[in-house]
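Here are my notes for you. Keep the model open while you read, and check each point against it.

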Amino acid sequence: MKRSLAILALMIAASLTAGAQSLCIKHSGEAIPARFGIQIDRTLLKEVEFYGPLGLQDTLNVNLQVFADNESANAFIRQYEPTAYGNYCSGMYIPLIETAVLVASDDMEKAVKTLYHEMSHFLYQSAIASTYNSVSLNEGLACYFEFLKIKNDGSVCQRPDAIYVNAMKTLIEIDEFDLSEYLRMTPRQFTDKSRHEGHASYYASYVIVATLFDRLGTDQMRNLLTMIRSGVSYEEAVEALYPGGCSALDEDIRSFVLRH
């Protein structure tokens, strides 16, 4: 397998059965400490391995703009996303200029996780041709890769994020989780729910995707994305691919939350 560490140029390459994809990140702004290089390399490699067979180009170029503070990051974002709200303390992917915006802070571990999140958005768009197609799936996958744990041997450690799972447990307990709502959610609905309901849309979307991966596995998850790329809705794709359909997924999500 052809690989290069993500320490200096932040570039990785992976040989996949469907071809060879190279993710090339042009890094500007604040530096990311070299100690995160191997961790970044392993995680981004997993992302490329997942999205690669969906027909990505051999060479994928994306920009990474790292800012030292929220104010500078927000000013940059609003040049391209004038309707964006709030101070983006973590980051944002801007499709128009194929740029991931990241805020370097005292919590660099969190910033690096945000890098994984935004790179997933870039790869999702590259594979699906739109960042707005099935927004809940797009965000759920980004959160999934954000919290993915990669062992030294390159294998994946399935350890769901406790904060998101506990938040989802609360949503279920107060009867505020409707699976169909998330599977049908528009970008505006997703943003409004996140803004007004304490990031509920992120919590739910993450747990939905984590449950799908847990039950379907990687290949079937790719098949789900292929169906969505062809014009099938998120809900229809789940109904077709998930054993027992959406009603079974709803039950499994509730079991998944209790289990973790």
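**Notes on the strands and helices**

1. Start with strand S3 (residues 59-67). S3 and S5 run parallel, and five bridges join them. Look for Gln65, which stands opposite Val101 in S5. Remember that this is a predicted model.

2. Now take the overall count. The protein has 10 helices and seven strands. It has 260 residues, and buried residues make up 52% of them. Next, consider contacts between residues at least 6 apart in sequence. Of these, 66% join residues at least 24 apart.

3. Go back to S5. How many of its residues are buried? Five of its five are, so the strand is described as mostly covered. Thr99, Val101 and Val103 point one way from S5. Ala100 and Leu102 point the other way. In a regular strand the side chains alternate between the two faces of the sheet.

4. S5 has another partner, strand S4 (residues 91-94). S4 and S5 (residues 99-103) pair in the antiparallel sense, over four bridges. Tyr93 stands opposite Ala100. Gly91 has Leu102 as its bridge partner. Within S4, Gly91 and Tyr93 point one way, while Met92 and Ile94 point the other way. All of these S4 residues are buried.

5. S4 and S5 form a hairpin with four residues between the strands. Glu98 in this hairpin takes a positive phi near 45 degrees.

6. His27 and Ala100 are 73 residues apart along the chain, yet their C-alpha atoms are separated by 9.7 Å. His27 is found in strand S2 (residues 19-29). Is His27 buried, exposed or partly exposed? Its relative accessibility is 26%, so His27 counts as partly exposed. The cut-off for buried is under 20%.

7. Turn to helix H7 (residues 187-196). Phe190, Lys193 and Ser194 are buried there. They cover an arc of only 100 degrees around the axis, so they lie on the same side of H7. On the other side, Arg188, Arg195 and His196 are exposed. Just after H7, Gly198 takes a positive phi of about 60 degrees.

8. What do the buried residues of H7 pack against? They pack against helix H4 (135-146), helix H6 (179-183) and H8. Look at H8 in particular. The axes of H7 and H8 come within 6 Å and cross at roughly 115 degrees. From H7, the contact uses Phe190, Lys193 and Ser194. From H8, it uses Ala200, Ser201, Tyr202 and Ser205. By class, the contact of H7 with H8 has three nonpolar residues, three polar and one charged.

9. H8 (residues 200-229) also meets helix H5 (residues 162-173). Their axes come within 9 Å and cross at roughly 105 degrees. H5 and H8 are therefore roughly perpendicular to each other. The range for that label is 65 to 115 degrees. In H5, the contact residues are Tyr164, Val165, Ala167, Met168 and Leu171. In H8, they are Ala200, Tyr202, Tyr203, Ala204, Tyr206 and Val207. The contact of H5 with H8 has 11 nonpolar residues, with no polar and no charged ones.

10. Finish with helix H10 (residues 245-259). The axes of H8 and H10 come within 10 Å and cross at roughly 100 degrees. That makes H8 roughly perpendicular to H10. Val207, Ile208, Ala210, Thr211, Leu212, Asp214 and Arg215 of H8 take part in the contact. They meet Leu249, Asp252, Ile253, Phe256, Val257 and Arg259 of H10.

Methods: Residues numbered from 1 in each chain as written. Predicted model: local features only at pLDDT ≥ 70, side-chain atom pairs only at ≥ 80, totals over all residues. Heavy atoms only, no water. Axes fitted to C-alpha atoms, helices over the stretch in contact; angles between N-to-C directions. Helix = DSSP H or I, 4+ residues; strand = E, 2+ residues; numbered from the N terminus. Parallel < 35°, antiparallel > 145°, perpendicular 65-115°, else oblique. Contact = heavy atoms within 4.5 Å. Nonpolar A, V, L, I, M, F, W, Y, C, P; charged D, E, K, R; others polar. Buried < 20%, exposed > 50% of the residue type's maximum accessible area, 1.4 Å probe, protein only. Pairing = 2+ DSSP bridges. Arc of directions from axis to C-beta.
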